[in-house]
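Subject: Structure for your review

Dear colleague,

Please find the structure below, together with its sequence.

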Amino acid sequence: MEIVESILDIPVQDPPEEFSAAELTWKKFGTAEHQDDVALIPHARVDEFILGECSNVESPTRFHIERGRKRSNGSLKEYKSDEYLEYRLYWCSFGPENYGEGGGILPSRKYRLNTRNRAARPQSMRGCTCHFVVKRLYARPSLALIIYNDRHHVNNSGFVCHGPLDRDAIGPGAKKIPYISNEIQQQTMSMIYLGIPEENVLEKHIECIQQYCGLDATFSTLASQYVRKLGTIIERSTHELDLDDQASTRMWIERNKKSIFFYQETSETDPFVLGIQTEWQLKQMVRFGHRNLIAADSAFGIKRLKYPLCTLLVFDSRHHALPVAWIITHSVAKSDVAKWTKALFDRAQRIELGWKINGFVIDNAAMERDIFKRLGEIVYGIRGGVNTSVSLEELIQDFADQTAFMNYFKSSWVPKIEMWLLTMKSFPLASQEVSGAIEAYHVKLKTKLFDDSHLGALQRVDWLVHKLITELHSTYWLDRYADESDSFQNVKEEYIASTSWHRALQIPDSAVTLDDNFHLFAKVASLKESSITHLVWNPGSDFAFCDCAWSMQGNFCKHVIKVNMMCENNEGCKRSMSFRSLEEILMDLWKKPVDDSIVLDESVAWTYQMLDQIKQLVELNSSNDISMVVNNMPLKWVSKKGRTFVGIPGSVRALPCTSKTITKNLQKKVTKWKRLSRLS
């Protein structure tokens with residue numbers, strides 16, 4: 001085959017409907033020493049190509065992103081025709097690694113081991129070397145260059161390692177077993193963990209398998225056996241791999257290396273730290289955490305668990321809190337927090353180059369904040385109230401007869417008051433929606449862990465890890481799957497209504513009656529029983545509370561949130577503390593510069609830029625048609641060189657010139673002028 005040396009000589013192919021590598025004409029691109037099989041397709045059709053590759057009859061599979069990189073428009077001044085704007089390395093989900101017990105790679109076997117596998121043979125990590133690269137071209141962003149490094153689903157020895165042609169399949173009739181992807185297996189496991197009846201689990205499992213194998217009575221029988229066996233394994237599974245908790249935890253870590261992003265054993269100088277993050281959680285963190293908020297539920301189980309549990313949360317498309325990492329440790333020392341945060345952020349940036357977060361929500365005033373500042377993040381304090389010493393004395397006097405409460409308050413809160421005041425004065429406060437989402441996760445965590453049947457195991461780390469990875473992980477996985485695939489309607493409805501903020505949106509305005517005279521209280525009529533009315537005191541305030549059972553337990557209730565929503569447009573009610581935090585930041589920025597100075601002009605420019613971004617974000621979130629938002633955006637002017645440089649589109653934003661660039665260009669002009677002077 002003739003070797004092509006330029007991308008411009010490769011024709012663009014656009015096959016109809018879903019297509020695979022077999023429908024494309026491949027060219028040899030490179031040099032005489034090294035060539036790659038490449039094809040050029042529209043970038044908008046990359047997903048269809050990947051789906052076509054997944055539907056390979058001989059080797060049905062899934063492809064996951066093993067590595068990715070991005071560049072911004074205008075970041076390169078000079079570039080080759082094959083330079084990328086976006087780079088994605090896709091690898092078959094059956095390879096390349098397979099971490100079994102002890103972390104080794106499982107060899108191919110022709111006999112069945114007497115082990116409790118979740119299926120008749122391993123379903124993934126079979127050492128498959130099939131992988132390809134998708135480059136979105138820098139010079140032509142509408143096109144994608146596909147570079148197929150290895151098109152055969154074989155291992156390093158050259159043998160087929162999965163699919164119907166796999167000769168080393170384990171167990172009788174394994175070559176006829178229907179394909180079960182990681183997604184199908186996770187869905188089935190999640191349904192079993194959540195206690196869904198076996199008949200419903202089997203029905204959904206067969207529906208998923210039919211996408212690959214079609215209708216077949218044999219497959220239905222095998223699927224039934226698979227679901228029954230998986231249910232038995234889950235029912236008999238235990239967290240105790242060893243009687244000694246430390247040894248048991250170490251064994252679990254050795255068997256699940258891909259789900260561990262940081263581990264530090266207890267020693268004389270270092271405390272115990274265990275950071276857990278599954279591949280699915282990593283994908284959600286990269287997806288929802290990039291240029292967004294990440295929150296910490298940092299002090300769960302201080303008194304009841306052997307080690308406190310810290311959870312990192314992102315906010316998904318519905319602004320629900322989604323756990324993306326668990327850290328088990330009692331240490332909040334700066335050095336220890338720095339270790340696991342760096343490991344976690346590095347892991348995300350290996351998947352998505354340039355990944356970063358815009359803000360970090362903390363719920364503990366004692367939490368180390370300098371680390372997140374160095375990462376370039378803004379730290380938010382969780383909502384609360386600022387009390388003066390006078391107010392504190394008045395509070396103690398008012399509740400002097402409540403002996404039990406005052407003993408608790410003086411021992412637990414009075415020593416921390418100054419620390420909280422300092423934190424709340426130093427950082428902006430989070431909104432009610434964020435606080436409600438974090439609370440919803442915290443409540444679900446308590447429900448899963450602090451069940452009466454588990455009280456004897458609270459002091460074991462292996463039990464905590466087992467509960468997080470199995471039940472809690474499965475719950476959130478199924479919630480997201482139900483929402484995105486529009487299936488499991490009961491699960492989806494419960495997931496949507498899991499936060500007080502979303503429940504408040506269901507209350508009509510007509511059910512709320514405000515006290516127009518003094519704004520002391522508001523009444524909210526119950527939707528279920530019209531005869532019941534809930535009373536909300538201090539409407540419009542961050543310290544509003546309700547007489548319903550949920551609020552009396554110290555939680556955010558939907559009645560308070562609904563009343564505060566209606567008070568936003570009421571002139572007699574004050575703004576929320578989170579909104580006042582934003583006002584204070586902007587006012588402080590406005591007051592700092594000296595009048596009639598350059599710094600003042602710069603501050604005004606920065607302030608208007610922030611306001612424009614906030615306005616566009618609000619408009620984008622509230623709009624049903626994104627094209628209307630895009631059309632209203634202002635034009636972006638670029639430098640002269642950016643507009644005329646060959647290969648850079650006119651609409652691309654060019655990088656601003658730095659002083660070094662200007663000096664370098666000036667030196668070139670001076671040198672050229674001297675040369676011309678000599679010639680003349």
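Helix 6 and helix 13 are oblique to each other. The model is a predicted one, and in it the axes of these two helices cross at roughly 55° and come within 11 Å. The crossing of helix 6 and helix 13 is left-handed.

On the side of helix 6, which spans residues 279-289, the contact is formed by Trp 280, Gln 281, Arg 287 and Phe 288. Their partners in helix 13 are His 473, Tyr 476, Trp 477, Arg 480 and Glu 484. By class, this contact of helix 6 with helix 13 holds four nonpolar, two polar and three charged residues.

Helix 13 (residues 461-485) also packs with helix 12 (residues 432-449): their axes come within 10 Å and cross at roughly 130°. Helix 12 is therefore oblique to helix 13. The crossing of this pair is right-handed. Helix 12 contributes Tyr 441, Lys 444, Leu 445, Lys 448 and Leu 449 to the contact. From helix 13 come Trp 463, Leu 464, Lys 467, Leu 468, Glu 471, Leu 472, Thr 475, Tyr 476 and Asp 479. The contact of helix 12 with helix 13 comprises eight nonpolar, one polar and five charged residues.

Yours sincerely,
A colleague

Note on methods:
Residues numbered from 1 in each chain as written. Predicted model: local features only at pLDDT ≥ 70, side-chain atom pairs only at ≥ 80, totals over all residues. Heavy atoms only, no water. Axes fitted to C-alpha atoms, helices over the stretch in contact; angles between N-to-C directions. Helix = DSSP H or I, 4+ residues; strand = E, 2+ residues; numbered from the N terminus. Parallel < 35°, antiparallel > 145°, perpendicular 65-115°, else oblique. Left-handed = near helix turned anticlockwise from the far one by under 90°. Contact = heavy atoms within 4.5 Å. Nonpolar A, V, L, I, M, F, W, Y, C, P; charged D, E, K, R; others polar.
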